[in-house]
Amino acid sequence: MSLLTNVMDHSLDDGYAEAAARKKAEGGGGMPKTLRAKLGLAAGLVLAALVVTVGAAQARVAAPVVAKEREELIDRIEGETSAADKLEKSVDELRGEVSERQREALRTSGDGDRADLMGVLSGAVAVHGPGVKLVVDDAKDAGTGGDGQPRGTSGFSDTGRIRDRDMQRVVNGLWESGAEAVSINGQRLTALSAIRAAGDAILVDNRPLVPPYTVLAVGDGEGLSTTFQDSADGLYLHALQENYGIRTAISVADDLRLPAAPSVIVRTAQPITEKGTS
């Protein structure tokens, strides 16, 4: 307690106290004494006030200019955004027109049956008929990643999600089992379709899909379902379900409707005939 009492009674060091008392006795503190010093202090205060006043005036003058430039920039952004939207709409319309002309060319080229078959196999025309409906979804405990975000990744140890390679095997297995047309989440697949990954998302022809993945395949319903489930790819999907909790459901449907592919690249080839030598 004596130490605390001493600290409270002598909060200022003795040396500092002596220096302060000596300076006060010599008249070194307070306002300047001479006229020159007072004039210097006054000039300094006037100069500081002038600088602050000029700065405030410049800020007030510049404020409308900055606001006007900001409004002009916003107007330019809105105008460019509107122009980009119009161009995107025009591109979609032109793409649809090209696709329609391609379908028309397929319908009018050659005999009718062959053209119809070519349109179905190429994905250029919408199709409907019996087939199978396969729904593939992530495991229940794979809805969020390590950061708590939906579809977030928690590292390579997370094996409860459907990957692009899994969907590739499913689609290839359906083709090999006799499917005539396939779509994923309403997007028609063609011979040139690509199933890729971007992070945790699955892309089909550069368009992201979200689970659950609904795969529709037109073909011989019962036969297609049995053949696929007994194939190597069907057994692979079953192993994912058994080992990693991937959820799957397959059913036979009497009438499935698949849309046409949004853009079909038509490529043709002609055989080269060798000319006889004389």
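This is a predicted model: local features need pLDDT of at least 70, side-chain atom pairs count only at pLDDT 80 or more; totals for chains, interfaces and linings use all residues.
Me: What makes Asp 137 and Arg 247 a salt bridge?

Reply: The N to O distance between their side chains is 3.2 Å. A salt bridge needs a side-chain nitrogen of Lys or Arg within 4 Å of a carboxyl oxygen of Asp or Glu, so the pair qualifies. The two residues lie 110 residues apart, with Asp 137 in strand β1 and Arg 247 in strand β8, and the pair links distant parts of the chain.

Me: What makes Asp 255 and Arg 257 a salt bridge?

Reply: Their side chains meet at 3.7 Å, N to O. The limit is 4 Å, so this pair also counts. A search of the whole structure finds 3 salt bridges.

Me: Why is Arg 257 called exposed, and what is Asp 255 called?

Reply: The relative accessible area of Arg 257 is 59%. Exposed means over 50%, so Arg 257 is exposed. Asp 255, at 42% relative accessibility, counts as partly exposed, because that label covers values between 20% and 50%.

Me: Which strands form the open sheet, and in what order?

Reply: The sheet has 5 strands in the order β3-β2-β7-β1-β8, and the pairing is antiparallel. β3 (187–188) and β8 (247–258) are the edge strands: each has a single partner strand, so one side of each has no neighbour in the sheet.

Me: How do you know that β1 and β8 pair?

Reply: DSSP must find at least two bridges between two strands for them to pair. There are 10 between β1 (residues 127–137) and β8, so the two are paired. They run antiparallel. One of the bridges has Gly 131 with Ala 253 in β8 as its partner.

Me: What makes β4 and β5 partners?

Reply: Strand β4 (residues 195–198) is joined to β5 by 4 bridges. At least two are required, so the strands pair; they run antiparallel. Ile 195 has Val 204 as its bridge partner in β5. The two strands form a hairpin with 2 residues between them, and Gly 199 in the turn has a positive phi of about 70°.

Me: What makes β5 and β6 partners?

Reply: 3 bridges join them, in an antiparallel arrangement. The requirement is at least two, so β5 and β6 pair. Val 204 stands opposite Arg 207 in β6. These strands also form a hairpin with 2 residues between them.

Me: What makes the phi of Asp 205 worth a remark?

Reply: Phi of Asp 205 is near 55°, a positive value in a residue other than glycine. Most residues other than glycine have a negative phi. Asp 205 is in the loop between β5 (201–204) and β6. Asn 185 has a positive phi as well, near 50°, and is found in the loop between β2 (181–184) and β3.

Me: Which peptide bond is called cis?

Reply: The bond joining Pro 211 and Pro 212 is cis, with omega about 0°. Most peptide bonds are trans. Pro 212 lies in the loop between β6 (207–209) and β7 (213–218).

Technical notes
Residues are numbered from 1 along each chain as its sequence is written. Side-chain values use heavy atoms; hydrogens and water are left out. Buried means under 20% relative accessible area, exposed over 50%, partly exposed in between (1.4 Å probe, protein chains only).
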